[in-house]
Amino acid sequence: MNEIGVRVPVQPNMGSELPQRFLYPQSEIDRNTSVPNPIPGLFTPTDINQ
């Protein structure tokens, strides 16, 4: 199946990019040893979105 056919076109409210990640809350950073280091930014590309 073509991925383009199932994606919903979403425009950002501000700026020209949509975030590709969620923020890591401080509690997650403090307690989860699997949190990446350094913590990626909101707009750092993810494998699924490329």
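Analyst: In this account, contact means that heavy atoms lie within 4.5 Å. Leaving aside neighbours within four places in sequence, Thr-46 is in contact with Gln-20 and Arg-21. The model is predicted, so local features are reported only at pLDDT of at least 70 and side-chain atom pairs only at pLDDT 80 or more, while totals for chains, interfaces and linings use all residues. Residues are numbered from 1 along each chain as its sequence is written, and side-chain values use heavy atoms, with hydrogens and water left out.

Thr-46 belongs to the segment after α1. Between Thr-46 and Gln-20 there are 26 residues of separation in sequence, yet their C-alpha atoms are 6.5 Å apart in space. Thr-46 counts as buried because its relative accessibility is 12%, where buried means under 20% relative accessible area, exposed over 50%, and partly exposed in between (1.4 Å probe, protein chains only).

Val-35 also lies in the segment after α1. With a relative accessible area of 13%, Val-35 is likewise buried. Apart from neighbours within four places in sequence, the contacts of Val-35 are Tyr-24, Glu-28 and Ile-29. Tyr-24 is eleven residues from Val-35 along the chain, and their C-alpha atoms are separated by 8.2 Å.

The segment after α1 also holds Pro-38. The peptide bond that leads from Asn-37 to Pro-38 is cis, with omega near 5°. In general, most peptide bonds are trans.

The burial of Thr-46 and Val-35 may be set against the chain as a whole. Of the 50 residues in the chain, 4% are buried. The chain exposes about 4,800 Å², and carbon and sulfur atoms supply 55% of that area; accessible areas come from the Shrake-Rupley method with a 1.4 Å probe, and for residues only the protein chains shown count as cover.

Leu-18 is partly exposed, with a relative accessible area of 38%. Together with Val-8 and Val-10, Leu-18 makes a nonpolar surface patch of about 280 Å². Patches are made of residues with over 30% relative accessible area and no salt bridge, like charges being joined within 9 Å and nonpolar side chains (Val, Leu, Ile, Met, Phe, Trp, Tyr) within 5 Å. A salt bridge is a side-chain nitrogen of Lys or Arg within 4 Å of a carboxyl oxygen of Asp or Glu.

Technical notes: Helix = DSSP H or I, 4+ residues; strand = E, 2+ residues; numbered from the N terminus.
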